[in-house]
Amino acid sequence: MERPGALICEGTRMANDGAGLSGDVCEPSALCRRRAGLKKRSGDEHNYTEEEVEKRVCGLTEGTKGLVLASFSMSNVDRFMSFYNAARKAGRRMVVGTELAHILQAMRGRIKAIPDMAADPHIGVYFRLSKSCTFCEKDYKPRERAFMGNMVTYKEIRERPEGYLMHLGFYRMIELVYLRPENATFIYSMSEHFYEGEDNEEQRAVWENWMRHFKIRFEKAHCSGHASREDLKEFIRKVKPDILIPVHTLDAEGFRDFHKDVRIPEKGKGMKI
């Protein structure tokens, strides 16, 4: 077996971010805790799985009287499947926008588990009010029209909100004006950085204003796609590089616990190996 001379290793979760199954919107992230000088909370080392996310989403959905809303990356197929499965278990229809429906439908040829966005009875494709305000075919793009047979609008959701779990991203929050949710829950299912990052204060304020205005309960259900601290430690132990170069991390110094020759890059400076 070859032994590499140098290993460039990412370390997103070296600071024990806990991977985000917290139910408290006000709970500080690992980054916020470190900046405030707080000790890590118990359980930070737990490496949450996609199965645990699905289980939590299902529990939150079953415990909600009204509409359940969710935000997750449109490129995260595993996360979509977790919400889709949770919706079915909770007796709800999973609703996605035309953009997400188009992306997922294009992936069906390679990922067989993805349901047919145009025909699955457990899927609803959300059509926004447009142009003539009559939801007619000419109001929508050709790629959207393929899903009109599985159309859901704000009218159906508002009439029976307890029957739906709906994907709703930050830039579609205006739909809440039409949906007028009551007794609703919003499940945030992305990295804490996008919500709690120091560069996102304005976006976070907008998000929280929407939640406050409609009295929507805000919850989190997320697991990271990045390797945990313990997984990184084990990986480095098995690879046994001569030199270790940490990147994309807030705790580069922490790699010294795993390796005797850690070279930390400096912005604007070269590195001789």
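Which residues lie nearest the centre of the second largest pocket?

1. **Pocket centre.** This is a predicted model. In it, M74, E99, H167, G169 and R172 lie nearest the centre of the second largest pocket. They belong to a lining of 29 residues. The space in this pocket comes to about 580 Å³.

2. **Elements in the lining.** Four elements each supply at least two lining residues: α4 (98-107), α5 (142-145), β6 (164-167) and α9 (201-213). Of the contributions to this lining, that of α4 is the most, with 3 residues.

3. How do the lining residues of the second largest pocket divide into nonpolar, polar and charged? The nonpolar group has 12 residues. Another 8 are polar, and 9 are charged.

4. **Side chains of β6.** Strand β6 supplies at least two residues to the pocket lining, and H167 is among the residues nearest the pocket centre. Y164 and M166 point one way from the strand. L165 and H167 point the other way. All four residues are buried. In a regular strand, side chains alternate between the two faces of the sheet.

5. **Partners of β6.** Which way does strand β2 (residues 68-71) run relative to β6, parallel or antiparallel? The two run parallel, joined by 3 bridges. Here A70 stands opposite H167 of β6. Strand β3 (residues 93-97) also runs parallel to β6, again with 3 bridges. In that pairing M94 stands opposite L165 of β6.

6. **R180.** The backbone of R180 deserves a look. Its phi is positive, about 45°, although R180 is not a glycine. R180 sits in the loop between α7 (176-179) and β7 (185-188). Is R180 buried or exposed? R180 has a relative accessible area of 53%, so it counts as exposed, the cut-off being over 50%.

7. **K215.** A positive phi in a residue other than glycine turns up at K215 too, with a value near 55°. K215 is in the loop between α9 and β8 (217-220). The α9 helix is one of the elements that supply at least two residues to the pocket lining. With a relative accessibility of 70%, K215 is over the 50% cut-off and therefore exposed.

Note on methods
Residues numbered from 1 in each chain as written. Predicted model: local features only at pLDDT ≥ 70, side-chain atom pairs only at ≥ 80, totals over all residues. Heavy atoms only, no water. 1 Å grid on protein atoms, 1.4 Å probe; cavity = no way out; pocket = protein on both sides within 12 Å on 5 of 7 lines; lining within 4 Å. Points joined across faces, edges and corners; volume = space filled by probe spheres on them. Nonpolar A, V, L, I, M, F, W, Y, C, P; charged D, E, K, R; others polar. Buried < 20%, exposed > 50% of the residue type's maximum accessible area, 1.4 Å probe, protein only. Pairing = 2+ DSSP bridges.
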